[in-house]
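I opened my notebook to look up charged pairs and aromatic rings. Here is the structure I worked from.

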Amino acid sequence: MTDSSDTQSVAGAPAVVFRGGTVLTMDERRTVLENADVLVVGERVEAVGPALEVPEGAAEIDASGGIVMPGMIDTHRHMWQTALRGYGADWTLTQYFVWNYLEHGKHFRPQDIYAGNLLSGLEALEAGVTTSVDWSHNLQTVEHGEAAVDALEEVPGRFVLAYGNIQAGPWEWATSPDFRSFVERRMKRTDMLGFQMAFDVTGDPAFPEKAAFEVARELGAPVTTHAGVWGATNDDGIRLMHDHGFMTPETVYVHAATLSEDSYHRIAATGGHASVSAESESSCGQGYPSSWALRRYGVPISLSVDTSVWWSGDAFSAMRSTLSSDRTREHHEAHAANETVTHIGLRAADVVGWATRGGARALGLDDVVGSLEAGKKADVVLIKNDASPVMFPVLNPYGHVVFQAQRGDVHTVLVNGRLVKHEHRLVDADLAKARAAVEDTIEHLRSTLGEDEWLAGMSPEIPESKVLDNPYTYTDYADSSTHRR
């Protein structure tokens, strides 16, 4: 048996066993096993249960006091934007569109796409997100696409390239010979690197996006689309997709926040999946986070982080913001009817399910990942931090994952049986290379935009506001620092 403190020995072991943890299997029954083991042999989960016998030479990782769960799955992440982490913290969706679509997105070179993807892939793994959809909608040339794939193949995670190009109409880039050649050369479509086409439907009655859907059908590529985004995509786009037969079980509808009952019914009836980005939707105006509506219509849900140009890149934040916004809406609707919610409908276990099994189902990978079951690929996360007072006691493991744990509590991560994080540190990750690539991107953009434009992009104007007059003002100390007229 190999000691878990020796990372290299664990990485080179023929088998790995997580001993004595609380195991969230996320199987059909959502079985929770206490003081149980998870045995990984090669690329797959060999067994789950108490006191497992293990092969000779297996590495043992002490999971006692921790939570063992499937790797988390993000179905919508604009990875290329991670090089500008936090730059747009005060943006609205309109400002995001103007900056990326109309003004400065065109300045991203292939090496800038590579830099963002490289950093984003490492960031995801560090937080226990083992599968990410790279919603790569700034692939202005095939060279940009090549750079995106180069980075995804360099990072030892599970990825899906969702190819898009905001600088051209989908009926233009999707029908080009260069795009077709790229798909044939680079997209072998294994369970480690999948492929989607990423574009939106504006609702134009002429339905120009039809040509892109036809290409997707010819290539056997699922489509992922921003749907129900206030001011951008609406029910007209859903109707056009449905009337032309392009709504399929493989289609992923991102946000789906401002749709009518009819549109939700169409999505549910055709077996589509939604990708909810609650942190994004709460902040920049796509519409109220949609899980509360999607649940009513039976639309399957997965979770996503959207983009680190605004928000956190970890599924803990996604789960927490989704559960909080869903419950907020439930209370709000009840209060509007002069009623009180006494029993919450959405549970922490549901949201953990969306972050794991829900993502696997949305990507057609449910028979591969998303749960800890014998025979499935070994994407495994151990949440354990003996140095943190937040990680004990663990009484309600689902609630602990959603409301207590953080990315810093991710102790160990396996992807496809490969050790990628151990003892709270990434394994064999060249962060210096990623940092250098990102610094080059920042220098390029900053010099291209000029200092004034660069700073203005980070600091949009604040609208005028007025504090309402307070009739309950009893003091007259205008000069006091603690009283205001």
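Is Lys376 buried or exposed? I found Lys376 buried, with a relative accessible area of 8%; buried means under 20% relative accessible area, exposed over 50%, and partly exposed in between, with a 1.4 Å probe and protein chains only.

A note on the source: this is a predicted model, where local features need pLDDT of at least 70, side-chain atom pairs count only at pLDDT 80 or more, and totals for chains, interfaces and linings use all residues. Residues are numbered from 1 along each chain as its sequence is written, and side-chain values use heavy atoms, with hydrogens and water left out.

**Salt bridges**

I searched the whole structure and got 37 salt bridges (a side-chain nitrogen of Lys or Arg within 4 Å of a carboxyl oxygen of Asp or Glu).

I began with Lys376, which meets Asp366 in a salt bridge at 3.9 Å, N to O. Both Asp366 and Lys376 sit in the loop between α13 and β14, 10 residues apart (helices are DSSP runs of H or I, at least four residues, and strands runs of E, at least two, numbered from the N terminus). Asp366 is partly exposed, at 22% relative accessible area. I also saw that Asp366 and Lys376 belong to a salt-bridge network with Glu28, Arg357, Arg361 and Glu373.

Next I looked up Arg30, whose salt bridge with Asp350 has its closest N and O atoms 2.7 Å apart. This pair spans 320 residues, from the loop between β1 (15-24) and β2 (32-41) to helix α13 (residues 348-362). Arg30 is partly exposed at 31%, while Asp350 counts as buried at 18%.

Then came Glu43 and Lys377, a salt bridge with closest N and O atoms 3.5 Å apart. Glu43 lies in the loop between β2 and β3 (44-49), and Lys377, 334 residues away, in the loop between α13 and β14 (380-383). I noted Glu43 as partly exposed at 41% and Lys377 as buried at 7%.

**Aromatic rings**

How many aromatic pairs are there? I got 23, pairing rings of Phe, Tyr and Trp (its six-membered ring) with centres within 6.5 Å; planes under 30 degrees apart count as stacked, over 60 as edge-to-face and the rest as tilted.

Tyr87 and Trp91 have ring centres 5.7 Å apart and planes at 75°, so I logged the pair as edge-to-face. Both Tyr87 and Trp91 are buried.
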